[in-house]
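I'd like to walk you through one structure, so let me put it on the screen.

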Amino acid sequence: MQNSWVVHDIDAAMALWTRTAGVGPFFVVKGITLEDQRYRGKPAGQSIEVTFALAQAGDLQIELVCQHNDVPSAYRDTVPAGRSAFHHMALYTHDYDKDRQDYLGAGCAEAFSGAFAGKRFCYIDTSASLGCMVELIEASAAQEEFFKRIAGAAQGWDGTEPVRPAF
């Protein structure tokens, strides 16, 4: 449902996606606090500081992620600071525990996990086998409404207000 790129400069990346692929508008999420952060199975020593930008391209959501600090993270595991590259594909799951356990049972490692507003997510490190990570996003009514708002804004988008606050 989503493809995600880690980017060095989120403003430049949004402008590039809009100019070259006609993708937009982007909804920007800044300054959020992630709950229960765990990196590689241990509590994260320091919180990751990130900005997200989300837009819709047909049936696919495009996510851009910019990490602002140098703490270890699933993003830095595959995309070094100062670089931009494809990072993960996300799957929206209605059975988070089962889907997470299926990946772990298949020998994949959980690179990062946390929650936002009580909904869980994790990055499964499938980079050796798939060339990228897989993110599992726990389904919730609030998340579905947010994703519908992003998709709805893209339908018939006339290019105005290419960058919008998410909340």
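**Salt bridges, cysteines and rings**

Let me start with Glu-138, which is buried at a relative accessible area of 18%. By buried I mean under 20% relative accessible area, with exposed being over 50% and partly exposed in between, using a 1.4 Å probe and protein chains only.

Before I go on, the ground rules. This is a predicted model, so local features need pLDDT of at least 70 and side-chain atom pairs count only at pLDDT 80 or more, while totals for chains, interfaces and linings use all residues. Residues are numbered from 1 along each chain as its sequence is written, and side-chain values use heavy atoms, with hydrogens and water left out.

Back to Glu-138: its side chain meets that of Arg-120 in a salt bridge, 2.8 Å from N to O. The pair ties together parts that are 18 residues apart in sequence, because Arg-120 lies in strand β9 and Glu-138 in strand β10, residues 133-138. Helices and strands here are DSSP runs numbered from the N terminus (H or I with at least four residues for helices, E with at least two for strands). As for the salt bridge, the criterion is a side-chain nitrogen of Lys or Arg within 4 Å of a carboxyl oxygen of Asp or Glu.

Arg-120 also turns up in a salt bridge with Asp-97, where the closest N and O atoms are 2.8 Å apart. That pair links distant parts of the chain, with Asp-97 in helix α3 (residues 96-105) and Arg-120 in strand β9, 23 residues apart. Asp-97 is partly exposed at 47% relative accessible area, and Arg-120 is partly exposed too, at 29%.

Arg-40 sits in the loop between β3 (35-39) and β4 (42-43) and Asp-125 in strand β9, so here the pair ties together parts 85 residues apart in sequence. Arg-40 counts as partly exposed, at 33% relative accessibility.

Okay, cysteines. How many disulfides does the structure hold? Zero, with a disulfide being a pair of cysteine sulfur atoms within 2.5 Å. Take Cys-122: the closest cysteine sulfur is in Cys-108, 11 Å away, which is too far for a bond. Cys-122 is buried, with a relative accessible area of 0%. Cys-132 is in no disulfide either, and its nearest cysteine sulfur, that of Cys-108, is 11 Å away. Cys-132 counts as buried at 7% relative accessibility.

Now the rings. The rule is that rings of Phe, Tyr and Trp (its six-membered ring) pair if their centres lie within 6.5 Å; planes under 30 degrees apart are stacked, over 60 edge-to-face, and the rest tilted. That gives a count of 10 aromatic pairs. One of them is Tyr-75 with Tyr-123: centres 5.4 Å apart and planes at 70°, so the pair is edge-to-face. Tyr-75 is in helix α2 (residues 74-78) and Tyr-123 in strand β9 (residues 119-125), so this pair ties together parts 48 residues apart in sequence. Both Tyr-75 and Tyr-123 are buried. There's also one aromatic cluster formed by Tyr-92, Phe-116, Phe-146, Phe-147 and Phe-167.

On the surface, Phe-86, Met-89 and Leu-130 form a nonpolar patch with about 240 Å² of accessible area together. Patches take residues with over 30% relative accessible area and no salt bridge, joining like charges within 9 Å and nonpolar side chains (Val, Leu, Ile, Met, Phe, Trp, Tyr) within 5 Å. The areas come from Shrake-Rupley with a 1.4 Å probe, and for residues only the protein chains shown count as cover. Phe-86 lies in strand β7, residues 85-93, and is partly exposed at 31%.

Last, the overall picture. The secondary structure comes to five helices and 11 strands. Of the 167 residues, 43% count as buried. The C-alpha atoms fill a box of roughly 45 × 35 × 30 Å along the principal axes. For 167 residues, a compact globule would have a radius of gyration near 15 Å, and the protein's 15 Å agrees. That radius is taken over C-alpha atoms, and the globule rule is 2.2 Å times the number of residues to the power 0.38.

That's my tour, thanks!
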